[in-house]
Amino acid sequence: MPGMQRDMADAHGRTNGNIGDRADSPNGVEPAETLDVVVVGAGFAGVYLLHKLRKAGFNTKIIEAGAGLGGIWWWNAYPGARVDSQYPIYALSLPEVYEDWNWSSHYPDHVELRAYFEHIDKKLQIKKDTVFNNKVVRATFDESEDMWFIECDTGRTFKARHFIACLGFAAKRHFPDWEGLDSFQGEIHHSSFWPHEGVDVRGKRCGVVGTGATGVQITQEWAREIGEEGNLKMFQRTPNLACPMNQVFLTEEEQKKDKETYPELFNQRWQNYNGFLYQYRPEMMFEASEMDRNELFDTLWKMVGRPLEPHLIEPLSDMEIRRAASDF
């Protein structure tokens, strides 16, 4: 995802050069484009902000490092990648978007997410104000002009009164410093920028490093694809816990009825744990008997979504509840 660096002003409020000095094609490319707002990142947040800011009368553009809409869902093309927040909350709460969009399941995959962003563009015309294939490498604020000067890796520059970085929290790539990595003769792929056309693993020797959600998803899919002649190994440093998804597939008729309650559900997110459709109830963990607690665990386990999670997050420091959850 696009990165950002802010040049710090000195004690007198001056930055490293005046924006006006650099706005006139300093490197032989076009002059800086002047806007009211620059948004970095074309994921859910950036797309929603562009729509709202334009309606409020702000001249706004998104700068996006990728070649399409979706933010992390443009890059998340690895096998098995799908949302982990249940239908219908992992979506825009705009009636003009959801009124004629139907999901296939409670947990749609990355292909469906990219199709969803194309639908968003069809309804809101996001692409016409998005600059693709440009990564922001520097954002400098000039207090004398009260303006941001934004530079991209392509040489394009922008001036804006407001600068909003919608970078998400899970987009930083990590490459371990493994001995021999540079001289490895095989094929290497990183989950954060997987080829959209996919990777053919049938009959090959493959290794998946890491057993977080991504590693588990890739391994599950490759185990189905690799065939009898292939060999698949998963390398784990720290043991992890993976629970069944309890996937539910949806019909158009079900969703038509559900959409009548969408406004209520979307408003409910503001009150609940992490914006989900369920809430943490501490008394049911700390005050329940062992039998009642296990009955609660069983009920939550069978529910769609992750309702067990909020009941375990808060009391994680309590060893009795941690042991009860682990035993269950």
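Guide: Let's begin with rings: those of Phe, Tyr and Trp (its six-membered ring) pair if their centres lie within 6.5 Å, and planes under 30 degrees apart count as stacked, over 60 as edge-to-face and the rest as tilted. Phe-44, Trp-73, Tyr-90, Trp-101, Trp-103, Tyr-116 and Phe-117 form one aromatic cluster. Bear in mind that this is a predicted model, where local features need pLDDT of at least 70, side-chain atom pairs count only at pLDDT 80 or more, and totals for chains, interfaces and linings use all residues. Residues are numbered from 1 along each chain as its sequence is written, and side-chain values use heavy atoms, with hydrogens and water left out.

Visitor: How many aromatic pairs does a search of the whole structure find?

Guide: The count is 18 aromatic pairs.

Visitor: Why is the pair of Tyr-98 and Phe-266 called tilted?

Guide: Their ring centres are 5.9 Å apart and the planes sit at 40°, so the pair is tilted. It also links distant parts of the chain, with Tyr-98 in helix α4 (residues 95-98) and Phe-266 in helix α8 (residues 262-268), 168 residues apart. Helices here are DSSP runs (H or I, at least four residues), as are strands (E, at least two), numbered from the N terminus.

Visitor: What makes Tyr-98 and Phe-266 buried?

Guide: Buried means under 20% relative accessible area, exposed over 50%, partly exposed in between (1.4 Å probe, protein chains only). Tyr-98 has 12%, so Tyr-98 is buried; Phe-266 has 6%, so Phe-266 is buried as well.

Visitor: And why is the pair of Tyr-262 and Phe-266 called edge-to-face?

Guide: Those ring centres are 5.5 Å apart with planes at 65°, so edge-to-face is the word. Being four residues apart in helix α8, Tyr-262 and Phe-266 are separated by about one helical turn.

Visitor: Which residues of α10 are buried?

Guide: Arg-293, Leu-296, Phe-297 and Leu-300.
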